[in-house]
Amino acid sequence: MPPSSGRVLVLPARLLAGAGKTYVASRAIDFFVSTSEKVAYFYCNRAEQNRRKPESILNTLIQQLAQTKSQHKLLKPVIDIYQAREEAGQKSSRLTLNESQELLVQLTDIYPQTTICIDALDEVENGIRVQLLKSLKHVLERSKNLVKIFATTRMDTDILLQFAMFPKIELQPDDNVSDINQFVETKVQSTIDNGLLLDGDVHRELKLEICNALCTRSKGM
């Protein structure tokens, strides 16, 4: 991949479920949306069929990138492929994976800079997510303009291999330990002050023991 064709930031999280990947992803998406660049995003979920299939993911990204400020205006690449499928009598059929990735390339060519955010990449169906990874890399390589991909994921072997050459930041359980400790201490003290813990009669040593136990067992959550 040419060094100027795109950027990928993978946020692996070797954590228990609920440890913060989706929260980080949502905050990142909010930030990107607040900038002037074009943003498309998707939250994967293995419990929902349409949120774990590569075709559904790419089609959702296309829908977001195809949107303009005017609700009644479609971008030319979308119109072109619709007309071509209409002439072939296929306008009601879904886009193939290859059609979707080529349309994504054309849409990213329209914007000076595009950011694609995907949360929980590891929840795409195992065995076929390589199709999604290859499609995203195809967009990175073929787009004329800068495309950035931000993804959160547990680093399963196939994902690790696909993104081995890309920069990564890693979220560990201890990364937010100070925030957790402060939160626990504040909540415990509030519970004591309100008389909800042992009627408010809690010695300092017992309070410290309670806080330490809660912080130790939180495991980053």
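Helices here are DSSP runs of H or I with at least four residues, strands are DSSP runs of E with at least two, and both are numbered from the N terminus. With that in hand, read along the sequence: the pattern is β-α-β-α-α-α-β-α-β-α-α-α. That makes 8 helices and 4 strands.

Now the ground rules. This is a predicted model, where local features need pLDDT of at least 70 and side-chain atom pairs count only at pLDDT 80 or more, while totals for chains, interfaces and linings use all residues. Residues are numbered from 1 along each chain as its sequence is written, and side-chain values use heavy atoms, with hydrogens and water left out.

Confidence next. pLDDT is the predictor's confidence in each residue, from 0 to 100. The protein averages 83, and 86% of its residues reach 70 or more. Which element has the lowest mean pLDDT, and which the highest? Strand S1, residues 6-12, is lowest at 74. Strand S2, residues 38-43, is highest at 94.

On to the strands. Two strands pair if DSSP finds at least two bridges between them. S2 and S3 pair in the parallel sense, over 6 bridges. S3 and strand S4, residues 146-153, also pair in the parallel sense, over 6 bridges. Look at Thr115 in S3. Opposite Thr115 stands Val39. In S4, the bridge partner of Thr115 is Lys148. Keep Lys148 in mind.

S3, helix H5 (residues 129-142) and S4 make a right-handed β-α-β unit. Right-handed means this: with the strands pointing away from the viewer, the path from the first strand over the helix to the second runs clockwise.

Contacts, briefly. A contact means heavy atoms within 4.5 Å. Among contacts between residues at least 6 apart in sequence, 79% join residues at least 24 apart.

Back to Lys148, and to salt bridges. The rule is a side-chain nitrogen of Lys or Arg within 4 Å of a carboxyl oxygen of Asp or Glu. The count comes to 7. Where does the Lys148 pair sit in the chain? It links distant parts: Lys148 is in strand S4, and Glu37 is in the loop between helix H1 (21-34) and S2, 111 residues apart. The closest N and O atoms of Lys148 and Glu37 are 3.7 Å apart. Lys148 is partly exposed at 23% relative accessibility. Glu37 is buried, at 16%.

Compare a local pair. Lys76 forms a salt bridge with Asp80, closest N and O atoms 2.7 Å apart. Both are in helix H3, residues 76-87, and being 4 residues apart they are separated by about one helical turn. Lys76 is exposed, at 59%. Asp80 is partly exposed, at 32%.

One further pair: Glu48 and Arg51, with closest N and O atoms 3.2 Å apart. Glu48 is partly exposed at 36%. Arg51 is partly exposed too, at 26%.

Cysteines. A disulfide is a pair of cysteine sulfur atoms within 2.5 Å. How many does the model have? The count comes to 0. Cys211 is in no disulfide, and the nearest cysteine sulfur, that of Cys215, is 6.2 Å away. Cys211 is buried, with a relative accessible area of 7%. Cys44 is buried as well, at 6%.

Last item: backbone angles. Leu198 is not a glycine, yet has a positive phi of about 50°. Asp199 is not a glycine either, and has a positive phi of about 55°. Where are they? Leu198 is in the loop between helix H7 (177-193) and helix H8 (204-218). Asp199 lies in the loop between H7 and H8. Asp199 is exposed, at 72% relative accessibility.

Methods:
Buried means under 20% relative accessible area, exposed over 50%, partly exposed in between (1.4 Å probe, protein chains only).
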